[in-house]
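Please open the model in your viewer and keep the selection panel at hand.

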Amino acid sequence: MIHFGGDYNPEQWPPSVWESDVSLMLQAGVNLVTVGVFSWSRLQPAPDRFDFGWLDRALDLLQAAGIGVCLATPTASPPPWFTLQNPDQMPINQDGVRLTHGSRDTYCVNAPAYRAACLSVVGELAARYTPQLWHVHNEYGTTCYCDFCAAAFRRWLSARYGDVATLNDAWSTDFWSQRVTSFEEVLPPRATQYLGNPAHLLDYRRFVSDAMLEHYRSQRALLTGAPVTTNFALGGWVPVDHARWAREVDIVAIDDYPATLEDRAFAADLARGWSTDGRWMLIEHAPSDQARVVAQPYLSRGATGILYFQWRASRGGAEQWHPAMVPHEGPDTPVFREIAALGSALRGREPVTVTASTALIYDEQTMWALQAPHLPPRDSDYDATARRWHRALDGPVDVVPPTAPLDGYDLVVAPMLYLMPAAVHRALRDYARAGGRLVLTAGSGLVDEHCRVTPGALDDLIGARRIGSELHDVTATVLHRGPDGLPALTENRYGTGIVRYATTDDVTQTAFEGLARVAAGDPAGDLA
Amino acid sequence: MIHFGGDYNPEQWPPSVWESDVSLMLQAGVNLVTVGVFSWSRLQPAPDRFDFGWLDRALDLLQAAGIGVCLATPTASPPPWFTLQNPDQMPINQDGVRLTHGSRDTYCVNAPAYRAACLSVVGELAARYTPQLWHVHNEYGTTCYCDFCAAAFRRWLSARYGDVATLNDAWSTDFWSQRVTSFEEVLPPRATQYLGNPAHLLDYRRFVSDAMLEHYRSQRALLTGAPVTTNFALGGWVPVDHARWAREVDIVAIDDYPATLEDRAFAADLARGWSTDGRWMLIEHAPSDQARVVAQPYLSRGATGILYFQWRASRGGAEQWHPAMVPHEGPDTPVFREIAALGSALRGREPVTVTASTALIYDEQTMWALQAPHLPPRDSDYDATARRWHRALDGPVDVVPPTAPLDGYDLVVAPMLYLMPAAVHRALRDYARAGGRLVLTAGSGLVDEHCRVTPGALDDLIGARRIGSELHDVTATVLHRGPDGLPALTENRYGTGIVRYATTDDVTQTAFEGLARVAAGDPAGDLA
Amino acid sequence: MIHFGGDYNPEQWPPSVWESDVSLMLQAGVNLVTVGVFSWSRLQPAPDRFDFGWLDRALDLLQAAGIGVCLATPTASPPPWFTLQNPDQMPINQDGVRLTHGSRDTYCVNAPAYRAACLSVVGELAARYTPQLWHVHNEYGTTCYCDFCAAAFRRWLSARYGDVATLNDAWSTDFWSQRVTSFEEVLPPRATQYLGNPAHLLDYRRFVSDAMLEHYRSQRALLTGAPVTTNFALGGWVPVDHARWAREVDIVAIDDYPATLEDRAFAADLARGWSTDGRWMLIEHAPSDQARVVAQPYLSRGATGILYFQWRASRGGAEQWHPAMVPHEGPDTPVFREIAALGSALRGREPVTVTASTALIYDEQTMWALQAPHLPPRDSDYDATARRWHRALDGPVDVVPPTAPLDGYDLVVAPMLYLMPAAVHRALRDYARAGGRLVLTAGSGLVDEHCRVTPGALDDLIGARRIGSELHDVTATVLHRGPDGLPALTENRYGTGIVRYATTDDVTQTAFEGLARVAAGDPAGDLA
């Protein structure tokens, strides 16, 4: 069975609409809806008052119709009364501006009153309901710089580094007089005069990911009777290390709002790569009158569910123009008909199992490291580069984190893998030594996990000395040269395997496709 | 008689210059000057000290020369001593940054100490002078987000909605957990994590307009002996609903700083459309050596006055390079000669009366609604679209608010009228039903006054179902199809009138002009 | 002897690397290294604890090898403990955001605790070491808007203007009601509603320059036994009036990070122009494998030293990818070999002496004045215009401040010299009257030292009335006309000299070069 459905927010509509909703859901083949994502202000209208009546009725209607429920905890948006009663617990941005409610996602996971309020409302939900799936929070991602965060960051650093000498060494604090003598001297990367320290910036994103993960875990501990997940949001701004989080969810679930079918394929391969058992679901994407075409890349890559945001278009609010399964104009519309056609097509189908012999390594910490302001603008470069390689490879491809087991793959491509901890160095060597085919590129392996430059670290693998962007003392075979006559692609024997190295990917799309094909193992003649 | 003149700031010059000024004014045909706009720090050098001596002398000189005075209240820029004594009464921006003096317009109309200081200085002026025209404040427009504003906003909401249930419904607060349980929980739209609520944002602009209007009224109540007005500033950033304000001024007066003669024509038709009796004046525009050409679009559209900013170029300050009637180089210059030629040409002329059979509906609240960040960037689109239709229509055209009486017009065009309260729906239907010709476009009638989507709301008028950007079940006549074969312009009989509908205005200028011509009633053959 | 070397930061490396560093320095011909620039957190790990042991050892190694030391005071970046103990002494930006450590340069020179801390650590250094050169601070440039700055600004204004009446007149405060009745009412140009007052903005930059100069002087007073300097940073953001500072350093030393050799030549001529004796050094620039070519423009213009940032590439920190004399990959690299080749070529050479007969006037206060937000965006225009004229002139050229003695030059070019105090007016007239050849341009002489417009101020020099951008009543000879037939270049006899005037420089590069050549004295035929 494949789950099919979307976000359903009955609280936005009078109960008279609900029955029509359920009937239309059945008509569309919907078998799972996500309920309650932003319902906190309805569920708990005041600190000391809960109201579950409306939710009871909505869930009863769904249950009676045999429609499964993915029940969300509403903690991504505390209600207005929370701001009023706890102004000092609201998040603060890098410039020290205190945010207020008025949108969504105004929370600080390190603020004690917010955490207590979360556990209270989640405890009530857990005690009352047993859905088919628990959906914790929504698209974790708010970064805060308040004093609660500062204190939690220091505890996190203390646990990570043990003492300040180790921290100073890891962060290279002798540059620009940043040496600390106690953890108390460390702050979040708040507004400062000029470029921040890359190691400091990266550790803060790691900390934010871990702090949000702890928040997730504290809710998960209360939820029983059904698998638990949260919806992963993709994008360079998101401070969530999904590879790490994927071990903590019962099923990997992603939200995906890309522009192309190729990007959908990438996201699907990525979600499967984060999963431990190949099972994953698309828990949000945008409905359209091309729903069947759009669903294809996900379904063919193992999705166990195809869900949308959202069921019925909202009359008001900031996403009133977001597409919906039931558009403003109702079910007698091309979008709803297409959704229903897909629902019908999915009936009785089972998720496919995907087996790939190629892996592409994708690392969110590398993406964060490359976003540091001391580097050229790379907000999208890492992600775009990974996606470009993904498109050029002949699928199926597993997009995996650098910590994934690599044995079993015929080919492993690690484009622009800037950040390379010692364990990754070992894993890549083990893979190649044992007969694997490994592809590295210009940006790969430049720094260690603390963003410290590691000159020569890949030279043995590549079979050449890298000096800046050039190769010297090349012992590898040159497979291809660029227009300047310099090596563009080399091949080095390593153990019983081979390592290919692309000196640049800043070439035309045609040239890139040729390069990628040869790097992936096609005859070099194609490049001529 | 047509008023001719400009802003005159004698306080910037030694008295020795004043006599020369008056003599040059007479030479240039000046008969009205605006005095005192930014003179507060001169008129009240300290909280407990006023100095009117210099103003007495300046006004005496003008009066002796027979030059009329438009006397301004100086409240748009409180003096430096006000900041020093009342730091907590200064305005705060969306990020919570408290502003200080150092420019102009640093005020919060809801700050009690500022309001008291305004009434004090205006009371003194009112007791002492009787000008030909009172000019309250200058270009109302400063938006503040302080706690005084928050409290006033809540009172305004309470008066508008009565109870929070009605507010919650109007604002669609069930989206993103924004439901409030008391007005105390409502804040100004301060910095928040993501997109704001469109209804909240729009109501805040309405509130700011009303709060400034109350400030205007409090001054007007003190001013006697002459008509009272304020200068309307045009532009997307201005939170003033001029259609509403126009009922509160004795004559509509606009400032206009556009790039083209067509835009001047639009502004003139707009000012006349705001006026109740067709009388209006251009109270500020930029002098140049093309003054006669520039004045033409205003004069031919009924302006009763042609005034400039400013009489004599300022030696220093932020507008020292702003053009002036008497440039830095003095009267022996092309600009002054041209100004004098216009002044001479205006002598003995009377304002023209304009009678238009076409109305173009222009609505500043719609402009604000379309500026909400959840929509594609539209800062200029609404205004630009309205101006494009205006240019394409064969004048004369009245540019009127949606609340204007429409009977009597042969043609009413309502381009991109996104925001449509029930009363506007009724007025348009009444107009068409009684035989009017009405033109609507793709953006028209999408939401109600609270920014809630109103699917199908225009279908009866249009004669088709609008689903997203497409027409379905078309019963109207298709007058023209686009390159994709889909209807581009339709015509529907409604009562004894007709309603034409343009499905898009995103076309080339040539195509647009053809479309607009047919929409306005020319033979459809022109589009072939 | 020519100094050759760069910034050396031994604290970033274990002592085991130091001996190798010294040996490589000798190999590269290094004879001067700048030590300690950002070492405060190492030198003073806690408020009450100093650690000079490591610096003693590093300096001993250098001394033993005969390598000179330029010892820096570390005050540009107070250590993290300073923030923790003195949060209220950290700098504040225009929006009121308090900055924290985490980068570099987070200081306010008017904060008393910071000043005391500086004098303490500098006193310790001065008591312990006698280097070849003292290097105070680093690239002065942090602008702060805190209350300490506000108070110091008021004292500075009081000393400059004596009374508020003079200040009001100088600042043209009658525009926009900015008249103050006491110095207490003056604030730094913090966030305000709209455009700031140009005179206020310019005086604040002058004040910041003077406040930093006082900070420099307070350190210099403690330093003995060697010449004292600081490194001048170039760029529009820098609030340092280097012409004024140059009188306070024992040798002018500049940092230069441009894109072209022409820009290096300009910087070299500028540094020499700031110097009183023609001696100056390049104290920072970027190493590369083109070091000999890059050094040429500096050496041929009198540089007494060629120094780089930095000796050994940093493993971590925000400048880890900044080029270095010893790259990450070590000395067996093209860059190090090139550096050593230059070092070898410099051995035994002496600085050249430059004698120029042409002067180009360059004024940082004019650059600041042109950056005021009431003017068209000119961040780079003034600097770019000066550089464009510099390139077009046939060298050698002295780039000098407007206060420099001009007699002795055959030609003086003052492009876009917007800001012209009375003394500069006098100096230019004296120069021309006595037979000099003077070139002025469209932007020259528009305002006085308080940014007040001075219409007609250059008319006698130019031989025409300037009205806006046009010439009227031209008595000068027209050397060249533009495509519009209007004068493009005029020549006027003044005393026994001549004054040429270019009415615009907004022309193609080819046209500009012809114009500049004729303006500089070539036959006018070249322009045909």
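Select B:N197 and display its surroundings. Leaving aside neighbours within four places in sequence, B:N197 is in contact with A:G102, A:G317, A:A318, B:W171 and B:Q178; two residues are in contact if their C-beta atoms, placed from the backbone, lie within 7 Å. B:N197 belongs to the loop between α7 (164–171) and α8 of chain B. Helices (H or I, at least four residues) and strands (E, at least two) are DSSP runs, numbered from the N terminus. Is B:N197 buried or exposed? B:N197 counts as buried because it has 27 C-beta neighbours inside 10 Å. The term buried requires 20 or more other C-beta atoms within 10 Å of the residue's own, exposed means 12 or fewer, and partly exposed lies in between, again with C-beta atoms placed from the backbone. For scale, draw a line from B:N197 to B:M1: the two are 196 residues apart along the chain, and their C-alpha atoms are separated by 49 Å.

A note on what is displayed: this is a predicted model, in which local features need pLDDT of at least 70 and side-chain atom pairs count only at pLDDT 80 or more, while totals for chains, interfaces and linings use all residues. Residues are numbered from 1 along each chain as its sequence is written, and chains are lettered from A and ligands numbered from 1 in the order in which they are written.

Next, select the contact between chains B and A. Here 36 residues of chain B are in contact with 37 residues of chain A. On the side of chain B that touches chain A, α8 (198–220) and β14 (465–467) of chain B each supply at least two residues. The largest share of that side, three residues, comes from α8(B). By class, the side of chain B that touches chain A has 15 nonpolar, 13 polar and eight charged residues. In this classification Ala, Val, Leu, Ile, Met, Phe, Trp, Tyr, Cys and Pro count as nonpolar, Asp, Glu, Lys and Arg as charged, and the others, Gly among them, as polar.

Now colour the chains separately and superpose them. Chain B is superposed on chain A by a rotation of 120 degrees with 0.0 Å of shift along its axis (RMSD 0.0 Å). Copies are superposed by least squares on the C-alpha atoms of residues with pLDDT of at least 70 in both. To find the rotation axis, select B:V97, which comes closest to it among the residues of chain B, at 5.0 Å (C-alpha). Chain C is likewise superposed on chain B by a rotation of 120 degrees with 0.0 Å of shift along the axis (RMSD 0.0 Å). That is the relation of a three-fold axis. In chain C, the C-alpha nearest the axis is that of C:V97, 5.0 Å from it.

Stay in chain B and select helices α10 (residues 261–274) and α14 (residues 381–392). Their axes come within 10 Å and cross at roughly 95 degrees; axes are lines fitted to C-alpha atoms, for helices over the stretch in contact, and angles run from 0 to 180 degrees between N-to-C directions. α10(B) and α14(B) are therefore roughly perpendicular to each other, a term for angles of 65 to 115 degrees. B:E262, B:D263, B:F266 and B:D269 of α10(B) make the contact with B:R387, B:H390 and B:R391 of α14(B). This contact has one nonpolar, one polar and five charged residues.

Move to chain A and select helices α6 (residues 147–161) and α8 (residues 198–220). They pack at an angle of about 100 degrees, with their axes 10 Å apart. A:A152, A:F153, A:W156 and A:L157 in α6(A) meet A:D203, A:Y204, A:F207, A:D210 and A:A211 in α8(A). The residues of this contact divide into seven nonpolar, no polar and two charged.

Finally, select A:I251, in the loop between α9 (242–245) and β7 (252–255) of chain A. A:I251 is partly exposed, with 19 other C-beta atoms within 10 Å. Leaving aside neighbours within four places in sequence, A:I251 is in contact with A:P227, A:T229, A:R279, A:W280 and A:M281.

Conventions:
Parallel < 35°, antiparallel > 145°, perpendicular 65-115°, else oblique.
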